[in-house]
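Please find below a colleague's note on the model under review. The points are numbered so that each may be checked against the coordinates.

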Amino acid sequence: MSLVKTTGLGVRLGGRQVLDHVDLSIAPGEIVTIVGPNGSGKSTLLRALVGAIKPTSGKVSRARGLRIGYVPQKLHIDPTLPMTVGRFLNLPKHHGRAETRRALEEAGLPDLATQQMASLSGGQFQRVLLARALMETPDLLILDEATQGLDQPGSAAFYRKIEDVRQTTGCAVLMVSHELHVVMSASDRVICLNGHVCCEGKPEAVAQAEEYRAIFGTGTGGALALYRHDHDHEHDASCSHPTEEHSH
């Protein structure tokens, strides 16, 4: 059973075909990372998955009662506005202290409820956004460029926390990377998107795929190694390639 699935998904925006015949599915509990160059349709795909835009062709199917938690690319909060982390997490809907504490613990920030939002570091701010997404105990956690503005150690720590969240809560994770060659090695699958699905598989397999290298080049080994760490689960080693030729 899939939490969300697209079949022949196509989206045209402003007269341009942004997505063309995209087939993908997200299973319960898996981590999937989508990579692709700027303008490849990654954010458009997310918007279609959550129902923010209507497909031009094809369809999106969601499991009944699907709960989605969303971590945006960025969120600006007026630094002169006094607001604690706890208050931020309870806007616009009040959840209560127990739920707030649980979400902060899952995001790795158990003691920050009373801290001012304006005083947070970049990494702490992103984890607060993660905690907010976890408040509704989602079945699917969607992160759009969640490590933007973080340095490499900060990004690596955030990615490890995402895997911890999956292990703790059992939710599926769909992660979009706008950092081109940076792929989260904790992923069960990586999907390379450039208007269509170029290839997919585990990170090491995708990094060797001709379609991936044609877009990003070959200098990806160091980036993959940076995010690699020990796992207690197995990954699918296959990398599938579409049989149709596509023009860019």
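The note begins with conventions and overall content, then turns to the cores, individual helices, a hairpin and backbone geometry.

1. Basis of the note. The model is predicted, with local features needing pLDDT of at least 70 and side-chain atom pairs counting only at pLDDT 80 or more, whereas totals for chains, interfaces and linings use all residues. Residues are numbered from 1 along each chain as its sequence is written, and side-chain values use heavy atoms, with hydrogens and water left out.

2. Overall content. The protein has 8 helices and 10 strands; helices (H or I, at least four residues) and strands (E, at least two) are DSSP runs numbered from the N terminus. Of its 248 residues, 50% are buried, where buried means under 20% relative accessible area, exposed over 50%, and partly exposed in between (1.4 Å probe, protein chains only). Among contacts (heavy atoms within 4.5 Å) with a separation of 6 or more, 72% are between residues 24 or more positions apart.

3. Largest core. A nonpolar core is here a set of buried Ala, Val, Leu, Ile, Met, Phe, Trp, Tyr and Cys residues joined through side-chain atoms within 4.5 Å. The largest one contains 32 residues, and Leu130, Leu141 and Leu143 have the most contacts inside it. Two or more residues come from each of α2 (85-89), α3 (97-106), α4 (122-134), β6 (140-144), α5 and β7 (172-177). Helix α4 gives the most, with 7 residues. At least three residues are drawn from each of domain 1 (1-67 + 138-156 + 171-221) and domain 2 (78-136); these bounds come from an automatic or database domain assignment.

4. Leu130 and the second core. Not counting residues up to four places away in sequence, Leu130 touches Val71, Ala107, Leu141, Phe158, Lys161, Ile162 and Val165. A second, separate core has 26 residues, including Leu24, Leu45, Ile53 and Val176.

5. Helix α5. This helix covers residues 152-169, and its 18 residues should span 26 Å at 1.5 Å a residue; the end C-alpha atoms are 26 Å apart, which agrees. The expected span is 1.5 Å times one less than the number of residues. The buried residues of α5 are Ser155, Ala156, Phe158, Tyr159, Lys161, Ile162, Glu163, Val165 and Arg166. Just after the helix, Gly170 takes a positive phi of about 80 degrees.

6. Helix α1. Leu49 lies in α1 (residues 42-50) and counts as buried at 2% relative accessibility. Its C-alpha atom is separated by 7.3 Å from that of Val4, 45 residues apart along the chain. Leaving aside residues up to four places away in sequence, Leu49 touches Val4, Thr6, Val60, Arg62 and Leu174. The buried residues of α1 are Lys42, Thr44, Leu45, Leu46, Ala48 and Leu49.

7. Thr100. This residue is found in helix α3 and counts as buried at 5% relative accessibility. A polar contact of 3.0 Å joins the side chains of Thr100 and Asn90; such a contact is a pair of N or O atoms within 3.5 Å, and within protein one must be able to donate a hydrogen and the other to accept it, while residues adjacent in sequence count only if both atoms are side-chain atoms.

8. Ile191 has Glu200 as its bridge partner in β9. The hairpin has 3 residues between the strands, and Gly195 takes a positive phi near 85 degrees. In β9 (residues 197-201), 5 of the 5 residues are buried, so this strand is largely enclosed by the rest of the structure.

9. Backbone geometry to inspect. Most residues other than glycine have a negative phi, and most peptide bonds are trans. Leu91 and Pro92 are joined by a cis peptide bond, with omega about 0 degrees, and Pro92 is found in the loop between α2 and α3. His21, in strand β2 (residues 16-26), has a positive phi of about 50 degrees although it is not a glycine; His21 is exposed, with a relative accessible area of 53%. Thr137, in the loop between α4 and β6, has a positive phi of about 45 degrees and is partly exposed at 39% relative accessible area.

Conventions. Two strands pair if DSSP finds at least two bridges between them.
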